[in-house]
Structure formats: C-alpha cells, structure tokens
Amino acid sequence: MRLFDTHAHYDSGAFNSDRLEVLSSMPEKGVALILNPGCDLESSRTAVSLAEQFPYLYAAVGVHPSDCGNWQQEFVSELRDLASHPKARAIGEIGLDYYWKDNPPKSLQQQVFHTQLDLAEELSLPAIVHDRDAHHDCLEAVKAHPGVTGVYHCYSGSLEDAKLLVKMGWMLSFTGVITYKNARKSLEVIQWLPLERIMVETDSPYLTPEPFRGHRNDSGKVYRVVETIAQIKGMEPEEVAQITMENGKRFFQIS
C-alpha cells in the first residue's frame with residue numbers, strides 16, 4: 001500500500017528530538033508522499049526547508065487563524081516569495097477558528113483569510129482550509145473567492161455543506177478522527193462523498209487514530225484513515241490508498 005499523507009506538521013516542536021529520523025523512516029512504512037503546511041511565517045519557512053531535504057516531502061505556506069494575531073500586510077510578500085519555491089504546492093493552513101476563546105478576533109481572522117485566498121488566486125495555487133466552529137463564515141469566505149479551489153482539511157462540517165463544496169470543485173480531507181466512536185457525522189459525509197474528492201491525512205502530531213490514541217501521531221499511521229474509509233465504502237484498503245494517492249498528486253500537481 002503506497003500512501004499520501006496530505007497534511008502533517010513536521011515543523012512542530014513535538015518532533016524536535018527525532019524529526020529527521022521520523023521523516024527518513026516513512027518510505028519503509030509505505031508512505032510515499034507527505035505535504036507539510038505552515039501555520040505562520042516561521043513554520044512556513046521550516047516546511048519549505050524540510051521539503052528541500054526529502055524528495056517525498058512537499059510544503060504549503062500560510063498563516064493559521066490561531067496564529068494571525070501579529071498579522072501585518074507585509075507578510076503577504078514573504079508568503080508570495082515562499083510560495084514560489086518549486087516544492088511549495090499550496091497556500092495553507094489558512095481559515096477560521098472560533099473554538100478557542102483566546103484566539104485573535106473573528107474580524108481579524110476573516111481579514112487574514114480573505115487576504116490569503118486572494119494570494120492563492122493570484123498564484124493559481126490551491127488553498128488548505130482550517131474550519132473549526134466557523135462553518136458559516138468559512139463557507140461564505142470560500143464562496144466570495146470563486147477563482148480559488150482547495151481542500152477542507154480534517155473536514156467536520158455537515159453533509160449539506162459537503163455537497164455544496166463538492167459542487168464548487170473543492171476536496172475534503174479526513175484524519176484519524178474518523179476512527180473515534182463519536183465520528184458519526186464524518187462517516188455520513190464519507191459514505192456520500194465521491195471517491196475522487198477524498199484525501200487522507202494525519203494532521204501529525206495531532207489527532208492520532210485508534211488504537212494509538214494518547215501517543216504522538218505521524219504519517220506512518222495514515223493507513224488507519226485509509227482502512228476506515230475502505231470499511232465505510234465497502235472497498236479494499238489498497239484501492240482507497242491508490243485513489244487517494246492519485247487525488248493528492250492531482251490536487252498538489254505532483255507528477
């Protein structure tokens with residue numbers, strides 16, 4: 001089984017002790033491709049730097065809604081420069097997060113999100129969207145940028161929203177959360193979702209799938225997401241792995 005983990009944060013401090021060893025071990029675990037999105041300027045720089053070191057690792061650059069409190073308009077030009085790197089394949093992780101009460105104000109999050117969607121459109125790059133407890137505003141922002149397509153990472157919205165996003169040309173991606181007992185809504189979405197619109201991810205080091213919950217996540221565990229989707233769809237895991245691999249390569253323009 002050859003796997004594509006389309007969203008993992010190897011810039012995270014959780015990997016400080018063994019980052020290069022973990023990344024080096026991925027091919028022997030069946031992980032053929034990984035996409036590492038940034039969450040601020042520093043982690044976006046790190047994502048690009050790591051992508052230079054591993055042929056199977058690619059980067060996305062962007063400012064996450066939880067990290068946009070110090071946003072300055074000059075950040076756009078640095079993101080533009082980082083995005084010009086041949087291994088940078090998307091603008092992300094960007095979006096809205098209304099879950100944490102100490103996050104930057106909603107109005108600032110929205111401004112930064114719109115600005116980065118503009119950048120994605122300018123550069124003809126897809127966007128990697130984070131939407132947590134902000135379904136309506138996130139969808140309105142995406143609808144306001146019809147020239148941009150992308151992926152909702154760790155999709156947690158409704159079936160109704162999923163149908164609208166697919167109609168608009170967007171992808172939906174799923175994490176180890178779908179292996180949890182309370183994941184009923186996501187399973188309903190996956191059951192309906194056309195296979196060509198699904199991507200798989202770990203969101204490492206977070207959202208570790210069962211039966212590994214409580215431990216640090218890494219791309220080697222993305223097979224659990226594939227197995228769960230296969231179970232829901234009544235397919236073989238190898239078939240889901242192949243389809244999601246092709247979906248990811250097409251989405252991120254990896255030959």
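**Helices, spaces and a loop**

Student: Which residues of α8 and α9 meet?
Tutor: Helices (H or I, at least four residues) and strands (E, at least two) are DSSP runs, numbered from the N terminus. Contact means that heavy atoms lie within 4.5 Å. On these terms, α8 contributes Val 226, Glu 227, Ile 229 and Ala 230, which meet, in α9, Pro 237, Val 240, Ala 241 and Thr 244.

Student: What pLDDT is needed for side-chain atom pairs to count in this predicted model?
Tutor: Residues are numbered from 1 along each chain as its sequence is written, and side-chain values use heavy atoms, with hydrogens and water left out. The model is predicted, and totals for chains, interfaces and linings use all residues, whereas local features need pLDDT of at least 70 and side-chain atom pairs count only at pLDDT 80 or more.

Student: How do α8 and α9 stand to each other?
Tutor: Axes are lines fitted to C-alpha atoms, for helices over the stretch in contact, and angles run from 0 to 180 degrees between N-to-C directions. The axes of α8 (residues 223–233) and α9 (residues 237–251) come within 8 Å and cross at roughly 110°. Angles under 35 degrees count as roughly parallel, over 145 as roughly antiparallel, 65 to 115 as roughly perpendicular and the rest as oblique. The two helices, α8 and α9, are therefore roughly perpendicular.

Student: Is the crossing of α8 and α9 left-handed or right-handed?
Tutor: A crossing is left-handed if the near helix is turned anticlockwise from the far one by less than a right angle, and right-handed if clockwise. The crossing of α8 and α9 is right-handed.

Student: How do the residues of the contact of α8 with α9 divide by class?
Tutor: Ala, Val, Leu, Ile, Met, Phe, Trp, Tyr, Cys and Pro count as nonpolar, Asp, Glu, Lys and Arg as charged, and the others, Gly among them, as polar. The contact of α8 with α9 has six nonpolar, one polar and one charged.

Student: How does α5 lie relative to α6, and which residues make the contact?
Tutor: The axes of α5 and α6 come within 12 Å and cross at roughly 10°. That angle makes α5 roughly parallel to α6. The contact joins His 135, Leu 139, Val 142 and Lys 143 of α5 to, in α6, Asp 161, Leu 164 and Leu 165.

Student: Which residues line the largest cavity?
Tutor: On a 1 Å grid over the protein atoms alone, a cavity is a set of points where a 1.4 Å probe fits but cannot get out, and a pocket is an open set with protein on both sides within 12 Å along at least five of seven lines; lining residues have an atom within 4 Å of a point. Grid points are joined across faces, edges and corners, and a volume is the space filled by probe spheres set on the points. The largest cavity holds about 40 Å³ of space, and α5 (135–143) and α6 (159–167) each supply at least two residues of its lining. The lining residues are Asp 131, His 135, Leu 139, Tyr 152, Tyr 155, Gly 157, Asp 161 and Leu 165.

Student: Which residues are the closest to the centre of the largest pocket?
Tutor: About 890 Å³ of space lies in the largest pocket. Of the 37 residues in its lining, the closest to the centre are His 130, Arg 132, Cys 154, Asp 203 and Leu 207.

Student: Which elements each supply at least two residues of the lining of the largest pocket?
Tutor: By class, this lining comprises twelve nonpolar, 14 polar and eleven charged residues. The elements that each supply at least two residues of the lining are α2 (41–53), β4 (88–97), β5 (127–132) and α7 (184–192).

Student: What is the phi of Leu 207?
Tutor: Leu 207 lies in the loop between β8 and α8. Its phi is positive, in a residue other than glycine, and is near 55°.

Student: What is omega for the cis peptide bond from Ser 204 to Pro 205?
Tutor: Pro 205 is placed in the loop between β8 (198–200) and α8. The peptide bond from Ser 204 to Pro 205 is cis, with omega near 5°.
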